[in-house]
Amino acid sequence: MQCDPFLTFLYIYQFQPSLSSQNTLNSSQLLTFHFNLTLFFMAGTIGFWLVVLVGIVTLFLGLIFNHFLPILSKLGLAFKGTFGWPLLGETLSFLKPHPSNSVGVYLQDHCSRFGKVFKSHLFFSPTVVSCDPELNYFILQNEGKLFQCSYPKPIHGILGKVSMLVAVGDTHKRLRNVALSLVTVTKSKPEFLNDIERIAIQILDSWKDKTQIKFCKEARKFTFNVIVKQVLGLTPEEPETTKILEDFLTFMRGLISLPLYIPGTPYARAVKARSRISSTVKAIIEKRRRNIAENSRKRNDFLELLLCVDTLSEEEKVSFVLDSLLGGYETTSLLMAMVVHFLSHSPTALQQLKLEHQKIRSMKQKNEYLNWEDYKRMDFTQNVINEALRYGNIKKMCSFLYSLSDYLIPSGWKVLPVFTAVHLDPSLHANALQFHPWRWESQDQTCKKFTPFGGGSRCCPGSELAKVEVAFFLHHLVQNFRWKTEEEDQPMAYPYVEFQRGLVLNVERLFEVKKKHQ
Ligand code: HEM
């Protein structure tokens, strides 16, 4: 009996000439032939589906085997944990949204069952999840030696091949050294602080006729304008700023989308937006180069410094600008939103913050800009910022890393240090689930149990810039406005953190309030 559909087809094909050569067939012959033909068709169809079934079952068993095989490795056995469903593993429970000031059901459940370090299967890979400060510290310190940072391949398509975020080894070191020296030089210039303050005042001025604002939007406007000014020397009014912002938003949407390069998808649009930003930045660099050659106007900013760096290629310089925008935009605006959200629920902290800023202002001339000494005096502000970084889950984790050797974690496995779990661990922080800025009066800010900016060779180069931005914005906000949150808008971790309604605030200028009471 022919079982294979291809052979059945051949059989029928071979019969046809003999069929046509017979001039006459009697009815019983015809019936037998039809019967045979039907049988062959049925056999062929059954055979075909049988082969498909066997194929599917084999594939399925192969997937299950492949999925669970790593569990049996010697080191894999050393960790407790579960691998979840074949292929998907536990990815869906890991991604389940939860209030940002909690660790979420996945971590809570796994830590209580398996301890602070456990194995899991996330994003198609066997993974060791670490909620342990010592192990997290060890992993971050050994990035590039025992572990290597890894972004999924499609992310490379958006960020570009020479982005500092995806670069490894010597390339990463070279890019990072430039970043650190540029940050150091930029910070030493008074214009750096003045620009931040000027942009903060501009944003707050734009609220003067408003009674309600969406704070997340305003905070993003602020951090974008600051970073574009710092890096490219552009003011919000310049047309390039609007163009970069539009493309940058498309780019950001693509980063959290399905990586399908099909025209019209957010991913494809993001790749295109990146190349448009790249062209805009290249044009700005060219213009600046011409200006320097003509010796027209010395701007003395980050871009001017970047142009003089000869260890970076043209493409790396463009990528460098994009990395700074990416690193400094969303995280810093989220931190601002968290601070404002927590202060709305903590009148004592808000009052103390106000007094601190009033005192600093009282020591200055009217309209005099803040400087580094003023910033250093903002002790309580620092405590509020640290507490928002700890409690607010600004950056839940760093990127996944791959284990390069069989030291502790099987090579080829991913490892994921989760900062939030350490920040919200009641055994490490007293009253961990409360916003309590005063804890930082006695607690060390540079310790293994507090790593909001990561650590080791990937530690955030923009941490100081982010803190100054928030502190200066708060300086003007608390002295000029009072606010109430419109309705409860619980920030959620998706795992990227977002206020679902954008943190709507009812705002009132203190100047108007005073006038009302006179
Ligand atoms: C609240 C604000 C911020 C937070 C919480 C934050 C957090 C972090 C963390 C945790 C990392 C390590 C990522 C990893 O290991 O995968 C990182 C890296 C980075 N951040 Fe930030 N960041 C903030 C602000 C900024 C700002 C303002 C800039 C730029 C001006 C910036 C630029 C970068 C860059 C370029 C990297 C990559 C460093 C490298 O790969 O060597 N960040 N940030």
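This is a predicted model: local features need pLDDT of at least 70, side-chain atom pairs count only at pLDDT 80 or more; totals for chains, interfaces and linings use all residues.
Residues are numbered from 1 along each chain as its sequence is written.

The secondary structure of the protein comes to 20 helices and eleven strands (DSSP runs numbered from the N terminus, helices being H or I of at least four residues and strands E of at least two). Of the 518 residues, 34% count as buried, a residue being buried if 20 or more other C-beta atoms, placed from the backbone, lie within 10 Å of its own, exposed if 12 or fewer, and partly exposed in between. Among contacts between residues at least 6 apart in sequence, 71% join residues at least 24 apart; two residues are in contact if their C-beta atoms, placed from the backbone, lie within 7 Å.

Back at the strands, S1 and S9 (residues 491-493) pair in the antiparallel sense over two bridges, where pairing requires that DSSP finds at least two bridges. They belong to an open sheet of three strands in the order S1-S9-S10, with antiparallel pairing. S1 (98-99) and S10 (497-499) each have a single partner strand, so one side of each is left without a neighbour in the sheet.

Gly104, placed in helix H5 (residues 104-114), is in contact with Lys96, His98 and Ala493, leaving aside neighbours within four places in sequence. Gly104 counts as buried because it has 23 C-beta neighbours inside 10 Å.

The largest nonpolar core has 77 residues, and those with the most contacts inside it include Leu335, Ala337 and Val470. Such a core is a set of buried Ala, Val, Leu, Ile, Met, Phe, Trp, Tyr and Cys residues joined through C-beta atoms within 7 Å. Helix H14 (residues 314-344) supplies the largest share of this core, 16 residues. Beyond its neighbours within four places in sequence, Ala337 is in contact with Phe215, Cys216, Ala219, Phe499 and Leu503. A second, separate core of 24 residues includes Phe79, Leu107, Phe147 and Val422.

Finally, a helix pair: the axes of H9 (residues 190-205) and H10 (residues 215-232) come within 10 Å and cross at roughly 150 degrees. Residues of H9 including Phe192, Ile196 and Ile203 meet residues of H10, among them Phe222 and Val226.

Terms used. Axes are lines fitted to C-alpha atoms, for helices over the stretch in contact, and angles run from 0 to 180 degrees between N-to-C directions.
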